[in-house]
Each structure stands twice: as structure tokens, then as C-alpha cells.
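Subject: Structure handover

Hello,

Here is the structure for your work. Please load it first, then read my notes below.

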Amino acid sequence: MEAGADIVDVYQIHGGDGDGADIIFNFNGKRIAVSVFPSYSAGQQNQNSVQNRLIHLMDRIATGDVEDDEYDDMEDEILEIILNAGRPVFKAQTTPQIESKTSRDLHGIIYPATSHFQLLGSSENAFIAPIKASEAYTLSADDSYYQEAEELELGIDLSLPWYSSRAILCTEVFVEGSGQVASLVLVEDAEMFCKALGSAGGLIGTSVGREMGCLQDIYDRLPPQHNATIHIPHLLGYVRHADTYRIIGFLRQWIPGQRLREMDVPKVSFQRRRKWHCQIRQAVRALHSKGIVWGDGKASNVIVDEHDDAWLVDFGGGWTEGWVSEELADTMEGDEQAIRRIGQFLQLN
């Protein structure tokens, strides 16, 4: 959105407990985070303060307790208060160097440089003051640390290599935002596919963590020679935070090709469509024989490569309406349903 002559885009709003809130936004190309904490008077919260008004608005947005049209009005009110208090301070920030859009290191994408501030003062005299990242309402994911117990739970295979987040060059980014990245990357001059998540909570219980776990299970239970007939990308290694060494993602084999969902199916011969469907079914059945579930099977999670072979990708789990029913998410029955619906998509029935 344009706020006067300034360009402002909201990235994230955090809140929900009433103990504070924050908003992270782009201001003329600069990443700004403003924390807000409750205002007290005579030892009690001042319910009429500008801080408590902002916390109330941010809590409602963060918890999803708002309709779409109301959301825009609330976001506008939050930005109006913060920009009126801090616009001169934000403009005084050093303009960051222009980054190359064709080659950025993974660390810089997941953990972009952010200036942290706190809103202080009264409704009539609110102002912005700089604070340390450690003083912000939301813990910076960049402050997360290595945990041996976490790696044991993730089942990290120590025989596979790991690479620093600063040693990985992103050449084509497919997903970027909220600390998550999916990208074609260069690692020591080799092309790979990378998924990473810079979350203070780590990878356990996330789609990135699930996908990494599935690829590890495939690596352990399905010998690489199976990929002559079963087309599933190899797990190639892990991504560690450049400073804390915590595992934040994985690297797998890059499969050049086209997503099945993007194919002009009526123009493809019946023989080719049937071949792809047979390969998909064969790969899924091989997974099931080892107790592994694809999850969220659908045509957009199949890549047809340069040799006209169909590969299963995206093991992040979940379900998509029209492909897998919600009650069958992350089950073998859900995978079987996806196979049938991919067959319908390929017009084989």
C-alpha cells in the first residue's frame, strides 16, 4: 500500500496473549519491526492507552478474529498510528544495498536485516524508540540455537553432508516469506532443490520437517537403485544456520521438468498419460510397502522430467480439496484417493 509518498507492505502481525504485540513491515525497501507492550499507570494497565489499543487490534488480527473487510480497516489504523509516530525515524534508517534478484544467499533471504523499534508515549505524544532484537516482542528466529535433542527427534542422518545457510546460493526462488524458502540453489557448483524454515520453534511439527523426515525414511528404506524405476528425489543433505548450526532445512535432488498440473492433457497421447499414471501408482505403492505416506497427493505435486518420467515431489503432507479428503490427510487411503483423482485428471477413465 502507499502511505502518502511512502511504500508500505505488511509482512507479519504477532499477538494473541494481551502481553504485547508486534508488526513487521516493509517501509520504502527497509524491513521494520515495531513492538508494543502494555502501558501501566499506578501499577495497573491503562486500558485507554495507545499501546493497549494497538495490542487489541493486533491480537484480533493475529488470532483471525476478524472479517476480511474489517481486517483492512484495522491494519490501516495500526499503520496510521505507527507511521505518525515513527515516519521520520524510519526514513532516517540507512538505505540497504540493492540485492541481486538472480543470486542471493539463503541466509539473507530467511533472515533479512531488520530494524527493531518500540512504540512509547501517550496517545497525544506517541513516539518510536530503537531497541535490540532481543528486546522485541517476538523472538527472532535468528536467535534460535543448536539442540542435540531436537536433532535426535528429527532423526538426522549423520552420514549425509550439511551446508551453511550462507554457502547456499538461491538462483530461482519459488516460495519466500515468513522465514520459509523453497528454491533452486547452487551448492558447490551443483544444482539442488532446497526447502528451509527459519522458525524459532524449529522444524518439528512443520511441513518442512515432515518432508525432510519422509525423504530420510526413503533414503534409509528404499535403496537408491530403486530410483531406476521409482521416481522420487534423493535426499542430498541438510542446511544448518550459519552461526548457531541448528538444522533449518534440507537439500534434495533437483528435477528439471514441468508440473503435471500445468500439462495440456488433451494434447498428450493416451500412451504417455497412462505411463505417467503407472509410474505415480508404482512410486506410491513402493512408499506404502515401507510404511511411508506421500501426503497431499495431486497433479501439482508431480513433475514430468526431461525424459518424460513422472516424479513424486512435495512430502510436506496435508490435503487439497478435490484431490484428497480432509479426513484422509496423511494416510495411505488418502494417497490411493489421490492416485484415482490424478487418473481422472489425466482422462484415463
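Helices (H or I, at least four residues) and strands (E, at least two) are DSSP runs, numbered from the N terminus. This is a predicted model: local features need pLDDT of at least 70, side-chain atom pairs count only at pLDDT 80 or more, and totals for chains, interfaces and linings use all residues. Residues are numbered from 1 along each chain as its sequence is written, and side-chain values use heavy atoms, with hydrogens and water left out.

Two loop residues

Asp-308 sits in the loop between β17 (302-305) and β18 (310-312). Its phi is positive, about 70 degrees, although Asp-308 is not a glycine. Most residues other than glycine have a negative phi. Asp-308 is buried, with a relative accessible area of 17%. Buried means under 20% relative accessible area, exposed over 50%, partly exposed in between (1.4 Å probe, protein chains only).

Asp-330 also has a positive phi, near 60 degrees, and is not a glycine either. Its place is the loop between β18 and α7 (332-345). Asp-330 is partly exposed, at a relative accessible area of 36%.

The sheet

Three strands form an open sheet in the order β16-β17-β18, with antiparallel pairing. Strands pair if DSSP finds at least two bridges between them. At the edges are β16 (257-259) and β18, each pairing on one side only. From one strand to the next, the twist averages 35 degrees. Axes are lines fitted to C-alpha atoms, for helices over the stretch in contact, and angles run from 0 to 180 degrees between N-to-C directions.

Three bridges join β16 to β17. Gly-257 stands opposite Asp-305 in β17. Helix α6 (residues 270-289) lies across β17 and β18, at about 30 degrees to β18.

The cores

A nonpolar core is a set of buried Ala, Val, Leu, Ile, Met, Phe, Trp, Tyr and Cys residues joined through side-chain atoms within 4.5 Å. The largest has 42 residues. Leu-260, Ile-280, Leu-287, Trp-294, Leu-312 and Phe-315 have the most contacts inside it. Elements giving two or more residues to this core include α5 (207-221), β14 (235-240) and β15 (247-253). Helix α6 gives the most, with six residues.

What does Trp-294 touch, not counting residues up to four places away in sequence? Among its partners are Arg-210, Ile-280, Leu-287, Leu-312, Phe-315 and Ile-342. Contact here means heavy atoms within 4.5 Å.

A second, separate core has 27 residues, including Met-74, Ile-82, Leu-83 and Leu-119.

Best wishes
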